[in-house]
Amino acid sequence: MEIETDQSIEAMDTQDTQEVEILTSDLQQQPQQQQQQQNPQQQQNSPPQLPKFKNLIQPQLHAVGAVTQLPSENGNVPPQQLLADSSSASFGQDAEAMGIDDDSKEDQFRSETTFSFTVENVGQLKSQRLSPPVYVRMLPWKIMVIPNDRALGFFLQCNGENDSPTWSCNAIAELRLKCHKPDAPPFTRARIKHLFYSKENDYGYSNFITWQELQDADKNYVHNNSITLEVHVIADAPHGVLWDSKKHTGYVGLKNQGATCYMNSLLQTLYFTNSLRLSVYRIPTEADDSTKSVGLSLQRVFHELQFGDRPVGTKKLTKSFGWETLDSFMQHDVQEFLRVLLDKLESKMKGTTLEGTIPGLFEGKMSSYIKCKNVDYNSTRYETFYDIQLNIKDKKNIYESFQDYVASETLEGDNKYDAGVHGLQEASKGVIFTAFPPVLHLHLMRFQYDPITDSSIKYNDRFEFYEQINLDRYLAESEKTSADYVLHAVLVHSGDNHGGHYVVFINPKADGRWFKFDDDVVSSCRKQEAIEQNYGGMDDEISFHAKCSNAYMLVYIRQSELERVLGDIPENEISSDLVERLDLEKRIEMARRKERSEANLYVSVHVILEEYFEDQHKRRLFDLEKAHPRIFRIKQNQTVDELVDMFVKGFGVSRDRMRIWNMCTAQTQKFLHFDFEAEATRTIEQIPTSQKPWVIWLELAYPNVPGPLPPFNPKSEVLLFLKYYDARNKRLNYIGCTQQPYSRRLIDLVPEVNRKLGFDPETELTIYDEYADKKLLNLNEPIESVLFIPQDHLQGHILIFERECVDAKLDLPTVEDYFLDLVYRIEIIFSDKCNPNEPDFTLELSNRYNYEQLTNAVAERLNTDPQKLQFFMCINNYKETAGNAVPYTFKVGARNGTIKDLVSYTKQSTPKRIFYQRLSLSIHELDNKKQFKCVWVSSDLKDEKELVLYPNKNDTVKGLLEEAAKKITFAENSRRKLRLMKVSNHKIVAVCKDDIPLDTLLKTSESITTTQGAQKTYRIEEVPAEEMQLAENEFLIPVAHFSKELYNSFGVPFLTKARQGEPYGALKQRIQRRLNVPDKEWENYKFSVITMGHNSDVNDNTPVDLEVYRSWTTGQLPFFGLDHINKSRKRSSLNFSEKAIKIYN
């Protein structure tokens, strides 16, 4: 093999002859001892030595610093970015300096160790050598030595004999060559970082040291023709191997559903906030639906984390959120999820003894102030917070960020403050904290909006935080106890703004013992790994690139509250009812799991009873898909006699009062008599059955008939099922079964049927053979002559009786007509158009029904007036939606329209659907009304709903508003004054006067949508009290939101009152109060006046000129524009990592 110069380090594959050179991102200089031996020319031209790895997946990498990537959670985070970092200063310490005792050195589960390997006869070394294994994190680690022509290769191997593709382990290590000169330092290279897995199970230097330097007698590396190699390795807990987190740490992890690492990290943080966990246990959930209760699901997760031994699943929890499977594969922001979850928990605790728990733990207080410098005038507003967002850009540490947060801003020059009677004044503006909470959540603003790229980017700057901090200096006044805080948890994000991976480091008892929670793997770790290694900044030992793995959220607990917040939760503190419920769920789940694992040992016997036949009003005796048979599970090696015993116990009927009929085919529903007495000793697997699962009809004696069932002889008797067709009610009813000898005449059955039906015994009845599909004419012949009796003795003829003389004017006078009608029957799903939450219902109707028959059938189902129903055709594009209304005079050509005409456009495979709407007036009255769709918007601009109004066709806006007032719920002190506006593209284009005719407003071609859409819509809102009366110098001006460009408008526009000549600063303050925007966020808003598509910037002292707004005649209405980031911007459907998070239940 050809080897390069000893200054370059190539990746060598010991299994293949191919050699690939990899350039890693950090360029390390040679140790000074080696540089002194190199000639100047060689030092100038040779590249610095770099760590290399073997067994590449990809033979070519084009970018400097590129390495083979193992797919991470969302496929975009290199393994090296997920490593726990370590500073070089501390890494070189020996085991004793690192605090490793003798017991931990022999512990196979330890996280780090130092071990050595003596290579004898090094001068004659020609082939690879491996050291004996040393176990770290349960994996075998070996020193690998590979000689080449010019240098000695030194590698660290992990789990080299395991070819399983599932395992992986992050590690950092330092490779050393010991010097035998007393007190002399070892020869070493830059430490290595690697994700070890099956295809890359070794990593190191192929040219660790040249032979020339190794054999230099002055350096004393060789002693008695032997050298000693040493490795200090620190490893994370491995994935994909048997790792017992509970045994090694006392804690368990959470399973990752796909991209739920952010949720797992936060749940662990909340779990270890013990006082919150205890409150969650106490949420009343006794009456909650186990599948929809967020409180119960969180109780279940916390209980399993506390008392379980294995990683805990979260599928039931996310299901209770109302999430679908795809939501578990979407990355969300941990801060956003925390706010939503705490808000949900707070709402669950309202009205209980737990109310106030969430604010009592997480709520702090601050005040926003404006203080005039030259006059005695101040303005103060108090706010509460659950978390603090700290700016980390250009900030060295946590104290600088807090200082930046409370720094005041001077309002001067054109930006002076309007102090009312004092006029414009110089002032200082800022915020100051008035109270810090027991549990302090700090979100480091690593993700910020970049206006250049119009996207969010991640800042990986170095930012220091500390195990203990004091925040007294940021309080307006000192609190009762000092604001001393202890670091409890560090949530770490690895990756970029497109996605990545979350882990959390937690100090559960705030005693300095740290643990790393990486989804289902929990491991102990050093304090340095949890804190210093997550500062971020440049990874100057390995690369010149910023570390992408750094702290994103910090949790501090107040020193004075440690005992209350982190107090132990013994099991007797948890409600026994909750424990019993969770234990019952576990037992049921274990039983189901056992049932699934043993399914191949059992046979399912589906038992049909005669009572099921009464619900069948079509052909056959029952619908196997809709029937709910009793299911018995029996082992295949059990006997028929044991199965019968199960029936006896299950139905409480003795053996002699039951008969078993084996169903041969589901289509014909023919039965074969099964003599269980004769087959008693045979096993279930020996019984031939044509149906899987085994379907039987269990005939039970009638309760009012004493004694055992008579014996049945299939060779001389026949089993008959009897039905009766009621022509007047158009119903086919089951009336019983009977066993008859072949010689019996059918005419002899008529008196028995009349007796069952309560008819006169002399009533004349006709008989229809359902299977032969014909009317039986000669009833005086014996049964064996009239009915076809198969040779295999299959039983189950169905005879339908009906009156011989019926009214021919009836819709379906005979059973033949009834069966013909069944051919035309279809199942139709009916959906409420106006209320999507109303459950759908299904009716089976003839597709020959006209509009009136359809209306009557639906009205009967809804128990409403058929005249107050309106129907809409279904449009099936990507989603089924209501289309055009169906007129009550529905016709197709010259004939009346039918249901078939309404659903004929749908595919045969898709279910038929018709939308309906309940009306407040008769369908006939609509002829004189005009449907008007609009949107009602609440006074706080947050809630909106669609209104469908029916004013008179010749009415005006005033009449429309009067109609709307009937459907709107007003506050008690409301003046009930409404106004109508036209909105287009999130901007108000017109305020409609009361005398405008409705015909001039809404054209049939215009679309109606909610105000969040881009189409035109009409909006109704209540007029605020302060806008009822306007002085001559006052005017209502439109206000709209946009982001950077005018065409990027968004949100809900609104009207606000402005006075001629007042400064825009006063107007902005009123707008801020109405929108309830915090001061910190309001500082980022920009303001301008938009006229005819042109914007003019204004400052606080610019006077309002109402003529700009009043002079409008045509075109776009002038408006006051608020330029700021659109937080509700719709994400791309392709970028799953940015979908807004919601908890629906």
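These legends describe close-up views of a predicted model.

**View 1. Helix α23 and the strands it packs against.** Helix α23 spans residues 957-965. Its buried residues are Val957, Gly959, Leu960, Leu961, Ala964 and Ala965. They pack against five named strands: β47 (932-937), β48 (944-949), β49 (978-984), β50 (987-992) and β51 (1017-1022). Residues three or four places apart on an α-helix point the same way, because each turn takes 3.6 residues.

**View 2. Strand β26 with its partners β25 and β27.** Strand β26 covers residues 499-506, and eight of its eight residues are buried, so the strand is largely enclosed by the rest of the structure. Strand β25 (residues 484-496) runs antiparallel to β26, joined by eight bridges. Here Leu491 lies opposite Val504 of β26. Strand β27 (residues 514-518) also pairs with β26 in the antiparallel sense, over three bridges. In that pairing Phe505 faces Lys516 of β27.

**View 3. An open sheet of five strands.** The strand order is β53-β52-β56-β54-β55, and the pairing is mixed. Strands β53 (1045-1059) and β55 (1094-1097) form the edges; each has a single partner strand, so one side of each lacks a neighbour in the sheet. From one strand to the next, the twist averages 35 degrees.

**View 4. The β52 and β53 pair, with helix α24 across the strands.** Nine bridges link β52 (residues 1034-1043) to β53 in the antiparallel sense. Ile1037 has Thr1056 in β53 as its bridge partner. Helix α24 (residues 1064-1075) lies across β52, β53, β54 (1086-1091) and β56 (1119-1123). The helix runs at about 105 degrees to β53.

Terms used. Residues numbered from 1 in each chain as written. Predicted model: local features only at pLDDT ≥ 70, side-chain atom pairs only at ≥ 80, totals over all residues. Heavy atoms only, no water. Buried < 20%, exposed > 50% of the residue type's maximum accessible area, 1.4 Å probe, protein only. Helix = DSSP H or I, 4+ residues; strand = E, 2+ residues; numbered from the N terminus. Contact = heavy atoms within 4.5 Å. Pairing = 2+ DSSP bridges. Axes fitted to C-alpha atoms, helices over the stretch in contact; angles between N-to-C directions.
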